[in-house]
Structures are given as C-alpha cells and as structure tokens.
Number of protein chains: 2
Amino acid sequence: MSAAIEPHGGSGLSAEVDPDLPITPEGFTYHIACKSEDMADRIILVGDPGRVKVVGTYLDPGSIVYSASHREINIITGKYNDVPVTVLSTGMGTDNIEIVMNEVHILKEYNMQKRRWRTRIGETPADPLEAPFDPSSVKLIRVGTCGTPNEEVQVGCLAITQYAIGMDNTCQYYDNPAVNHTADVQEVLAKIEQTSLGRVRVYATKATPAITKDLVDACEALNGKVDASEQQRYYVGATCSGSGFYGCQGRSVGRFKGHLTIPHLTEELGDLRFNVSENEQRVANIEMENSALCYLSNLLGYQAGTVCVVIARRSRTGRSFATSDQAAKGLSNAIKIALEALTKK
Amino acid sequence: MSAAIEPHGGSGLSAEVDPDLPITPEGFTYHIACKSEDMADRIILVGDPGRVKVVGTYLDPGSIVYSASHREINIITGKYNDVPVTVLSTGMGTDNIEIVMNEVHILKEYNMQKRRWRTRIGETPADPLEAPFDPSSVKLIRVGTCGTPNEEVQVGCLAITQYAIGMDNTCQYYDNPAVNHTADVQEVLAKIEQTSLGRVRVYATKATPAITKDLVDACEALNGKVDASEQQRYYVGATCSGSGFYGCQGRSVGRFKGHLTIPHLTEELGDLRFNVSENEQRVANIEMENSALCYLSNLLGYQAGTVCVVIARRSRTGRSFATSDQAAKGLSNAIKIALEALTKK
C-alpha cells in the first residue's frame, strides 16, 4: 500500500518521453503507478485514497499481488471469489476520472512492447497472431459517498446510478457516445436544460444497463440473506456530478452567500421528474465523479456504473447527516454489492 | 504527516451536523483535517499530496507545529523566516480547489465557538470587542507543475501567472468578482472566446497583481545570488486551467483520437496574443488548478497567485519532457520563490 513510486520527476522520464502520451520506460502511465499486467479487467473505483485499503479487506484473504501509490491514486490488485479485481482511488472530481479513464485505456489497449494500439474484436489485426481485444471485458464500478436532493431518499440508503448528469464540463471536450443520442438520454438532458443549469451547460449519459441491473440484483441477493431490520435500502435514479462540493452543489458558504449563479440547484434537482421509458424517474443523488466515468466508458465501449452511500440529505423536507454507524454500514454493503456485481459470472 | 484523521465517517459527525456547512464538534471542516488555530494566514498550495512533505523541508528547522492527513489533503503548519506558513495539498483539479477555498474561508472567518461569521474591516461588528477580519491578510500561492503550448517557454522554466483562463466550469457557479469586469480581463476573455474554446464556455480572471510581482521579484533576487549558469528562467503570462489532463488539454489518446471537440486546443492557445495594457502577452502554461484559486480568492478578497515548473513542452515547434534534474531544480526554485513571496514583510 505504501510503496513510494514516483513515475514523473523520477528517473524514468526524459526528453524522449512523448508529452502527449507520457509512459515511462518501465511501462507506467503518468499518474497510475502500475504496468498493464498489474491491472485486472474488473476495477473498483473509490474517490478517497484511504478507502482502497478498506476495500482490500473484502478481497480473498492473501490474494493481493500488487499495491502501489502515487499522488492521490492508490492501487491494489487481488481477487474476489477467485476473480481478479483491481481497486483504484481516483481522488475527487471528474477531472481525476478523465485522467484515470485515459490511463486505464492506455494500460488495457496500448501494447507497450510494440508501441502501438491493440486491435479490437471486429478489426483486422496488424499481426495475425494477435488476440483481438474485447472492450466490454473492462468493467468499472465506482463506490462512493454522496448527498441527495430527493425527499424519498434517506441517509444510509444506497443510490444506484441509471442516468448520469454532468454539471461539470470535463466531457464537453469529448464527442458524445452513441447512447447519448437515444430518446431516454435526450429527455434527461432536455429536462435538465430547462432548470437553471441551462445557464451553465450540462451533459447527460447513462450507466451501462447491465451494470445497473447487476448492482440491483446484488443488493436484492444481499437482502435475501438477512433479517428485515438489516435490509439495505437502495434507490435507482439519475446521478448528478458537480465540479465542486460547495457552490457547485448549491451550498452557499459565508461570503459566497448571494454570489452563486444557481443558488437553488438542490431544490431544482429534487423537483425534477423524467418520464423515461414511461417509468417516472427522479434524481437519486449528487456527487463528483460519475458523469465522466459513464460518458468516457461509453465512448470506449467499457462497462461502468456507480453505487454511492447517501451521507447528506439536503431535500426541501429534511436535512440531516449520516451517523458514523449509518455511513459504515452503507459503505460495507456498497462494497459487497459492487464486488458481487463486478465479478458476476 | 501521517496522523490518521477521519473527520467524516468518524465519531464526530451526526444527524445534527448541517449538511450545507459540515463542521465536526471538534471544529474540523469536512475535507481539511485541521481547526482554525492550526492554519496560518499564509498558505502554500500544492496538487500532489506527497509534495507537502517536500515543501516542509524548506521551512525553518524544527518549526512544524501541526500535521495531519485526510483524503488527498495533507497539511503541515510551521514557519519560514520566522513567519507562520501552512502547506496544504489540494489534489488535482479546480473542483478540489473549490473545496479547499470554501474550507479555508470557513476556517479563517467562521467563529466556531459563537457559530457565526466574523465581522470584516469596514463592517459594524455584532460584538464591539471583536477584532475585525482583514481578508487581504490571507495569502495563497500555488506551487505546481504544468505543460506549455508556447514555443518561447522551455522545460525547466517557471511559469508565473498574471491572467487566469478557466477551461473548467467550476467558477461558472459563482458570480464574477469585480476584477473580471476590468478592460484587461475582458480582453483576455474575448480573445479566448474567439478560439474553439468558445464552444465549451470559458471564464477569465487574474492573479493578485502584488503576488505576481512578489513572485517575479523573488525570482530576480534568487538569480542575483547565483552564477549565470544557475539562473532560473521564468515567464510571466496567462495560465489556462483544464478540467482534465488528456482530451481537456488537447491530448488525444488511442480510441479518443478523432473524438475530441477541441483537438487543436494546444496549438490555438500557443497562437494567442493579448494586447493587454499595451504589452503583448501570451499563454504561459496549462495546468489544472489556478483558475478557481484566483477567481474564488478574488471573490473573497484574499490574495492569490501561482508559480509552476514547466515539465512538458507541447508547442508547434518542439515537444519534450523535462528530465528529472530539470524538474527537481525547477521545483526547488519554485518552492523557494513562493515562500519568499508569501512571507515578504
């Protein structure tokens, strides 16, 4: 966990390194301290670097084969139910997700020895002996914490992402993936643009439906094994990702009061209704990473989704903060559910 | 440095905590693990959590009186030239800067005992015995690493910020500070909006002029003490902050190639000319934090600026990466210059 690895500023980099594709001679990318062979296809992402160690305690005993640390990115690779799994901290924010997704992409699909991109399934390989790469084999599930603007959602509840709303602008620098043009995602976007967020410019996408379903199934399976009093509540809905925690999520602090461009952001998000596919859906939660995770995964053909523990309730009808016990129980269940969904056969 | 502090999820938080102003009973804010009395008025900000320890080696020997760590935020407080200084890591991105600036604001101006905001100079105090707070006493200098789109700037050079261009959207959630309406900043914004960045929506502000000048003066003073061969080159210009490192800075990686909305971002920034105050100025560098630091500091009346070591050269006429020696020498000089400017009498 504490191997002090410094890929940049370290001895590896030199004037020969491509500043647009910075890879050390050892095969490390610029921010993630590992080589391709150290990263599993199934990946748990957490925001908090300290949480990588926590998730590690849920892996098969003695299974951890790799661990390293660089900046806010801690990484371990081990097994869950005998399936290889990597746990990676991203740090906070969609900008960090952009970094991690680009570097996961490099580590998965760039052939470091031959210095060229791997052929994908359906493409003609440059080398007839090369096994083509299936992008859908890469599965990423984020386990995080969040707040909610929705009075139906209580602290300690798990929010499982179906639709993704980007209040950040990270993915405005990337073309829309095909799924963003479907009627349901277009409706989510149109509804959001009718709120005050229309002033800022937002984007919409969705989690991989199979991942959303697997997370729900895993939660139901967990609840099937425990007493009614121990059941884990969950809520499936849209996840909004902010480009900050305070003003960017409608929290007006001290001298910033009266100086937010969207002061009623929380209330507006709590009031939203999407008639997506004839089932009314609402915003489940607000956090800081999911939008870029889903958007960039959709562009790459990877599978991605998010489950978060609700620790702050900020709805019109009630404001509260999770107790330590509520947060710890929710986080433990979120980790179990994410690992089960990720390693489903 | 390694005190394991967990303000949230720890025993401190409960249902009584205000989810819009989360402060533990001990007086910690939600992300920065310190109380008001543990934070000096003069603050060095670094992105990389590991760099806090490095800056600590430049402080007066034996002067460190506080150290803690939570998420990607490491903090130490000590002295430089006998003046109290706090060194804080923000993690990467403007979203993290938004968090840190809100929490520095809380720690500086919220009276935790009386649960109310402090009176500022020029305001009528609620309590006639209360000493009014001078916001300009808070000084923040960021020391970072960056790339450059400018063929005049070499790796190893220091980029000192005068104007700030936000390619992120973090500060779109906050009203413009007064300085953004001045003719020079308006010109920077107009020029940027004429590039392809007009598609995304950007913002412009500036560093505190006194901080920019103090950084230049400190660099000149340093150069006055060494041989010509040891002189530290520096370049004063506009700093562009991205909401990511790859596509958001014009790096097109693998499958993202052909799918960036602003593929020629680096070249366009390298070509920009501002005729600000009759002196032609150019973009000095691209990084990920300065825009929100300057914008939010301007709104709060705090003083802020940034000095970065150029480690990647991405101009039309030459592409290179700093060697470890170049990066280490530049970083060492940037730290010395920032500390001198910050503690100037």
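In chain B, strand S3 (residues 73-80) and strand S4(B) run antiparallel and are joined by 6 bridges. Strands here are DSSP runs of E, at least two residues in length, numbered from the N terminus, and two strands pair if DSSP finds at least two bridges between them. Bear in mind that this is a predicted model, where local features need pLDDT of at least 70, side-chain atom pairs count only at pLDDT 80 or more, and totals for chains, interfaces and linings use all residues. Residues are numbered from 1 along each chain as its sequence is written, chains are lettered from A and ligands numbered from 1 in the order in which they are written, and side-chain values use heavy atoms, leaving out hydrogens and water.

Back to that hairpin. B:Thr77 sits opposite B:Thr86 in S4(B). There are 2 residues between the strands of the hairpin, and B:Asn81 takes a positive phi near 50° there. S4(B) also has a parallel partner: strand S1 (residues 42-46) of chain B pairs with S4(B) over 4 bridges. On that side, B:Leu45 has B:Leu88 as its bridge partner in S4(B). And how well covered is strand S4 (residues 83-89) of chain B? Mostly: 6 of its 7 residues are buried. (Buried means under 20% relative accessible area, exposed over 50%, and partly exposed in between, using a 1.4 Å probe and protein chains only.)

| Residue | Relative accessibility |
|---|---|
| A:Cys157 | 5% |
| A:Leu158 | 0% |
| B:Cys34 | 0% |

Now for the cysteines. A disulfide is a covalent bond between the sulfur atoms of two cysteines, and here the term is used for a pair of cysteine sulfur atoms within 2.5 Å. Over all chains, the structure holds 0 disulfides.

Over in chain A, A:Leu158 belongs to strand S8 (residues 158-166). The C-alpha atoms of A:Leu158 and A:Arg233 are separated by 6.3 Å, though the two residues are 75 residues apart along the chain. Leaving aside neighbours within four places in sequence, A:Leu158 is in contact with several residues, including A:Tyr234, A:Val307, A:Cys308 and A:Ile337; contact means heavy atoms within 4.5 Å.

Zooming out, UniProt lists residues 42-340 of chain A as "domain: Nucleoside phosphorylase" in an unreviewed entry.

Terms used. UniProt positions are given in the numbering used here, feature names are shortened, and annotations may be inferred rather than shown by experiment.
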